[in-house]
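User: I have a model open and would like to go through a few spots with you. Could you keep the answers plain and give me the cut-offs as we go?
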Amino acid sequence: MHHPRQAFRFLRGVAALALPAAAVVGLAAGCGKGAVPPDAGTGPRKIIYWEKWTGFEGEAAEQVVKTFNAQEQQKARTTPAYRPIQVQLVSVAEIEQKLMVAIAGGNPPDVAGIETKMLYPYIDKGALLDLTEMIAGAGISKADYIPVFWNMCEHHGRQWALPTTPSTTALHWNKRLFSEAGLNPDVPPATLEELDAWAEKLTRWEVVGGDGTKEIRTGFCTNIPDADKRLVQVGFLPAEPGWWPFLWCYHFGGRLFDENGNVTAAAPENVQAFEWLASYSKKLGVAHLQRFISGFGNFSSPQNPFLSGKVAMEIQGVWMYNFIDKYAPGLQWGVAPFPYPKSRPELARTTLADVDMVVIPKGARHPQEAFAFMRYLNSQEGMEMLCLGHRKFSPLMKVSSGFVSAHPHPYVALFRDLAFSPTVVAMPKSGTWNEYQREMENAAGGVQDLNVTPAAALAGVQARLSGAVERNRRTSQATPTP
Amino acid sequence: MKRRDLVGLLFCAPWLLGFLVFMLLPMGAALYYSFCDYSIVQAPAFIGLANYRELLADALFWRSLYNTLYFAAGAVLLGLLTSLVLALLLNCRVRGLAFYRTVFFLPSLMPVVAGSILWMWMYAGDGGIINTALKAVGLPGPAWLADPRFAKPALILMSMWGAGHAMVILLAGLQDIPTALYEAAVIDGAGWWQRLRHVTVPLVTPVILFNLVMGLIVSLQVFTQAFIMTGASGAPERATLFYVLRLYQVAFRDLRMGYGCAMAWILFLVILGLTALLIRFSGKWVQYER
Amino acid sequence: MSDKNPLHRTSPWLHLPLVLLGLLFLFPLVWLVVSSLQPREQVGLIPPQWLPRRHYLTLDGRTFPVTPPEPILSEQRLVKPLDGPDRGRRRLVAAGRYRDGQLTQTVFTDGRREERVFPAELIQAVPAGSRYVREWAPSKYRTDTPREFYVSPDRLSVRIQPVWGNYPEAVRALTAGEDAKKLPLRELLGRTRWPWTPKDAPEHTVTFLTYLANSLVVAVLGMIGTLLSSSLVAYGLARIQWRGRGLLFTLILATMMVPFPVLMVPLYGLFRSLGWIGTLMPLWVPAWCGSAFNIFLLRQFFLTIPAELTDAARIDGCSEFGIYWRIMLPLVKPALAVVALFHFLYAWNDFLAPLIFLTEPETFTMALGLQQYQSQHGGSEWHLLMAASVLLVLPVVALFFLAQKTFVQGIATTGGNG
């Protein structure tokens, strides 16, 4: 450009573009709703509740929220100058990620529903409000809850969360496959040795004969060459579902941390547990197992290996009923406490207990109102409404008769009973737990693929996690309980 | 400053503004965090080079880097080949051209969730579609996503369907070649292969370079497919533990965003280096103005 | 051109690879559409069943859809215990466990297993070879219990019939509020909360159309923005010889090399201080500042245009902006169509950015809406997810068709006379 006139024309051109653009931006900004306005001082007190639940689980939560809101409205009508608390439930995917970003950005919800595995890291990093005083002030005490779930919400002697929907794990078996294998369909294996023996009877291969005919043989069929056989049904598979490889250590009497918070991954009982994992791969053959596992459909579908009869016995939790009900309603199934090693009868009712929790993030705008809602959620009425809707049992000690008789889950009493077991397993309260779990998963995978011996795999986990725990100690006050 | 510099700067003003507001601050913050112990929900605490030192000694870091480079090499080459073949096929005048063009682009339109479910279903070991097809041809079908040796090739094959994007860009470039050049070649007696080698491909090399660079940058940051299909664990046996997946694990699951930012800046340097190499050596085979 | 022109001859050999590749690439969409018309139990079956099969039960003169039948292999009894842990609930037990009004059950107390006997009434004797079916509905969002039946196989029939009902159910499932979900579909959609609905209008609720509208707003506004800004910047980089353009280009490329997860957290803080969290603005406003990918793309296309054109225009006294607006843009129309399409596609399917930056349910986009079909402990509704995905894909396919014409027209207009 050599003349000011040209420059002017250029700028005019740019302006011609920019003005309508600015208009659009302004319009959209006007249409868009801005950040949450500060509390007006009159009218209802609005709080935001983030939950990860969708589908019928989300609807159960919605019902609780609606009942609470209605009760608050009623209180406002009868008491003058009372500002009712109104809860807005937002269904959030990937809640941990979103919650973290929101807390860091100074814009958290007032109440959030999280999973246990994120609770302790959050507490260690100071992301949550200490609820001890509020809980004591509301008259809620340890005696109101099944002990394991109350303990899970406690860390460093303070209370940080209130439980919502609990779960425990147990042995599930397919009754039809039991009768086809000649076993009594109503009697589950009591010991691990029995489990292994019955798993052999429930394992079936499709064997190709010399003339090309196919037939079904039961047992591990180790004498038949690999090329002639194909796995079609398995009695038991530790790798299915494979969500808690660390749990097997507890079933054998081992543990992951000692009293002082040191890592004990390489303990002899843990090695024994992983030897047991490897034994299934040895009996069935790694290649066959991999091919069989890769043919499993999506867990949440009728092609779930347990639902479609590919796996006869499985360790699963109280939620399995929902999947059976949705995808395989005709399945005849049984539930019993998971078997124990014959030499250790004291491990009889080992189970993994877990619970979803509600917390108040740091920086929440209305902590008092948030707690008032959490208190309703933990009342007999609110909790049973929620847990009935989720088809799970309630973490409260008191159970109303209406809850039991209306409950659709046929084995809910057993799952609740297991939560009282002396050998119940709760997730270790360590900031390094996520890393520990990943390392155990990887170790179990390597052991089951027979690529590494159990001792070596667990020694590797021990080394890595000791370093991680050391690092974590340096940066926070975490002390895991075994 | 010369008038021309000012004009150039003015044209680039929208990007500069966006960069200053939306990029510089977050990138600078990420750089600062890489020297800190930052758990997202707590304020960052400066620890110097500790993150970088830990990173270089971490076996998982190197594993994820290897996995990512393996994947990128496979995906970029396969993608280039597929998109080039498709674009060249579509550049000829065949009946039903519009239909084919849409068909080849369709898989790129699917939402990621539906696409991943489809692929997991197709890769099922016994009775899955891919293995059934392989069996029909007499080849043994591996356990794809359950076998550590075949998991990465499985994901690389998946990226083939995403070739629609690169194909569309190549097509736009192919359409830009003036017919006059083709006519001149025909007059000179060139057959279709010679036309391809001497007219078509050389003139579309800037676009090919673009696709290569973009493909490299994007595939080195592969994340979503692996996240949905393996649940952020990198199963089986860490075969699909890609770099950004590992970053996500460390930053959001272990609450160590500082370490994650250190990983991000190393990735940045790796991508920058590889891209610079690619562009430096592009002068040999790319032709710009005619 | 004459018909003898070899360029216009189409080789018949081309059809074979085109058809084969075409089938291969058509497969995903075909699978998506086929799955969207299947009942819940059939989606994702291995080995696949392509034709949608519906099972029907004929009872008391009525025929209604049921779940796929499950065989009962041995003789059983359907009983209702009058006492014990299962009091009042229907239970299917082996024939040997129920005799003369007494049911033998295994009861677990305090970890001990014992056999106890309870009185029970017989509802139905179920002979071996019967089938168990349940009433079928496309969505199970209620907690009510559908009716169950134990019938003989001759009452059951199978029909090949697509489940068109998946589509309205998929739309209904994305509605907020249980009461709203129960309304007829037309009324439900009529109460949609649009982006311009005032905040306190309680009868308006978030529906499928809300998600769709949000996705559309983000995609269209972003598309316009990136078209304008990216082309401006690309022109500045490609056609104006100024100091620092190489450096700027490298900088632009470099911004693509930082993975999004590390930028998320500071960006969120930035948007919050701007007051944009809670609106759709974080998703489309950054596009108005140009996107590195599109800038690079357009720069490559601008570079292929001969310099003589622009030099001639400059000599004629045209301003740079005029050259840009009147000469360059029309010449790269195919590339502009590509940019528009790609950004629309990207914004339409983007999941991570809406997940992090959107906080109000009224602003959620379709990508977030699709998450509603998946439930961690409740089971996912794949047939509805597939139906919703088909509904999501159709607008983009339509857009692609429209944009196709501009891809083609480039041949005639590349000023080949220069």
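User: Where is Trp144(B) placed?
Analyst: Trp144(B) sits in the loop between helix H7 (129-137) and helix H8 (151-158) of chain B, where helices (H or I, at least four residues) and strands (E, at least two) are DSSP runs numbered from the N terminus. This is a predicted model, in which local features need pLDDT of at least 70 and side-chain atom pairs count only at pLDDT 80 or more, while totals for chains, interfaces and linings use all residues. Residues are numbered from 1 along each chain as its sequence is written, and chains are lettered from A and ligands numbered from 1 in the order in which they are written.

User: What about its phi, and is Trp144(B) buried or exposed?
Analyst: Trp144(B) is not a glycine, yet its phi is positive, at about 20 degrees. Trp144(B) counts as buried because 25 other C-beta atoms lie within 10 Å; the cut-offs are 20 or more such atoms within 10 Å for buried, 12 or fewer for exposed and anything in between for partly exposed, with C-beta atoms placed from the backbone.

User: Which phi does Glu94(A) have, and where is it?
Analyst: Glu94(A), also not a glycine, has a positive phi of about 50 degrees, and it lies in the loop between strand S2 (85-91) and helix H3 (95-104) of chain A. Glu94(A) is partly exposed, because 15 other C-beta atoms are within 10 Å.

User: And what joins Glu240(A) and Pro241(A)?
Analyst: A cis peptide bond joins them, with omega at about 0 degrees, and Pro241(A) belongs to the loop between strand S10 (229-236) and helix H9 (247-251) of chain A.

User: Back to chain B, what is its overall make-up?
Analyst: Chain B has 14 helices and 2 strands, its C-alpha trace spans about 70 × 70 × 30 Å along its principal axes, and 52% of its 290 residues count as buried.

User: How many residues of chain B are in contact with chain A?
Analyst: 26 residues of chain B are in contact with 24 residues of chain A, contact being C-beta atoms, placed from the backbone, within 7 Å. Helix H1 (3-11) and helix H13 (243-253) of chain B each give at least two residues to that side of chain B, which has 12 nonpolar, 6 polar and 8 charged residues. Here Ala, Val, Leu, Ile, Met, Phe, Trp, Tyr, Cys and Pro count as nonpolar, Asp, Glu, Lys and Arg as charged, and the others, Gly among them, as polar.

User: How many residues does the contact between chains C and B take?
Analyst: That contact takes 85 residues from chain C and 82 residues from chain B. Elements giving two or more residues to the chain C side include helix H1 (15-36), helix H5 (208-238) and helix H15 (382-408) of chain C, and the residues on that side divide into 64 nonpolar, 18 polar and 3 charged.

User: Where in H1(C) is the kink?
Analyst: The kink, of about 40 degrees, is at Phe27(C), shortly before the proline Pro28(C); the bend is the angle between axes fitted to the seven residues ending at a residue and the seven starting there. Among the buried residues of H1(C) are Leu18(C), Gly22(C), Phe25(C), Pro28(C) and Trp31(C).

User: Last topic, in what order do the strands of the open sheet in chain C run?
Analyst: The 3 strands are ordered S2-S1-S11 (chain C) with antiparallel pairing, where two strands pair if DSSP finds at least two bridges between them. The edge strands are S2 (62-66) and S11 (156-160) of chain C, each pairing on one side only. Strand S1 (residues 53-59) of chain C and S2(C) pair over 5 bridges, and Leu57(C) stands opposite Phe64(C) in S2(C).

Methods: Contact = placed C-beta atoms within 7 Å.
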